[in-house]
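The reader may wish to keep the 3D view at hand.

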Amino acid sequence: MSGLAGIDAAKQLAAWTAVDEHVLPEHKIIGIGSGSTVPFVVERIVAQGKELNQTRVFLPTGFQSKELIVNAGLTLGDIDQYSDLDVTIDGADEVDKSLNCIKGGGACHLREKVLAEAADTFIIVADYRKNSQTLGTTWKQGVPVEVTPFAYVSLLKNLRKMGSETATLRMGKAKAGPVVTDNGNFVIDAPFRSTRYEKPDEILREIKMLTGVVEVGLFCHMAKAAYFGNEDGSVTIRLADGSVRKKERQDFLA
Ligand SMILES: O=C(CO)[C@H](O)[C@H](O)COP(=O)(O)O
């Protein structure tokens with residue numbers, strides 16, 4: 001493993017292990033997620049070799065993801081042409097015991113969900129901070145909701161009526177005004193009481209029905225496995241059936 005430390009080392013561990021186990025030579029159409037963990041996914045795929053990667057197409061989940069693919073010299077594909085993917089690998093803001101995820105911390109969850117749904121296998125990679133029993137334990141910013149700008153005021157009202165009293169429009173940091181997604185939409189972050197997160201699919205359905213909602217950053221019953229890099233150099237692998245496997249540090253050194 002490389003000489004990274006701390007959180008980045010954990011992200012790299014998760015990413016490398018997931019690629020080794022789920023991006024096999026027979027996998028030709030691959031979805032690449034967004035965020036700070038997926039660059040380690042791309043670096044591990046590049047390490048599989050130019051000859052194999054020339055037989056593959058890589059689909060992005062947004063501008064950052066597209067730049068990762070292009071800068072790595074991998075072949076860029078479009079979902080219009082490659083609508084059935086072999087595997088999509090992506091990060092997450094938090095994952096619960098049933099592999100339900102909060103996603104959208106980077107405001108890319110619409111395209112991420114399209115590529116996750118279109119893949120035979122959807123895999124999550126993250127560092128240990130994202131590994132929770134229930135959503136909302138560590139990710140306190142709320143459920144990211146991509147919304148059409150025309151409806152954001154009414155949606156703030158309706159989300160607050162729904163129980164997200166502190167729902168807020170996500171504002172830019174290095175940009176005056178709200179964050180604008182790759183699709184030209186706004187994002188509302190909608191926190192809920194911890195008990196509500198025990199049934200994330202209910203929150204998902206309720207939000208999705210609100211007029212003006214484009215996509216909700218709750219990925220329920222989608223991931224086949226989640227890989228969490230740990231501080232001690234091990235990787236915890238959780239499967240959708242609830243089983244857990246651990247790959248110890250020495251397994252990588254072998
Ligand atoms: O959903 C996402 C972007 O919309 C990201 O995958 C999620 O925010 C995790 O990012 P990171 O790997 O940087 O923790």
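A polar backbone atom of C108 is 3.0 Å from an oxygen atom of the ligand, a polar contact in the sense of a pair of N or O atoms within 3.5 Å. The protein covers 92% of the 380 Å² of accessible area that the ligand has on its own, areas being computed by the Shrake-Rupley method with a 1.4 Å probe. This is a predicted model, in which local features need pLDDT of at least 70 and side-chain atom pairs count only at pLDDT 80 or more, while totals for chains, interfaces and linings use all residues. Residues are numbered from 1 along each chain as its sequence is written, and side-chain values use heavy atoms, with hydrogens and water left out.

S36 places a polar side-chain atom 2.5 Å from a ligand oxygen atom, and a backbone N or O atom of G91 lies 3.5 Å from an oxygen atom of the ligand.

Helix α7 spans residues 200-208; helices are DSSP runs of H or I with at least four residues, and strands are runs of E with at least two, numbered from the N terminus. Its buried residues are P200, I203, L204 and I207, where buried means under 20% relative accessible area, exposed over 50%, and partly exposed in between (1.4 Å probe, protein chains only). These residues lie on the same side of α7 because they cover an arc of only 100° around the axis, taken from the directions from the helix axis to the C-beta atoms. They pack against α5, β7, α6, β10 and β11.

P25 is found in the loop between α1 and β1 and is partly exposed, with a relative accessible area of 49%. Leaving aside neighbours within four places in sequence, P25 is in contact (heavy atoms within 4.5 Å) with L52 and R56.

Definitions and conventions: A polar contact is a pair of N or O atoms within 3.5 Å; within protein, one must be able to donate a hydrogen and the other to accept it, and residues adjacent in sequence count only if both atoms are side-chain atoms.
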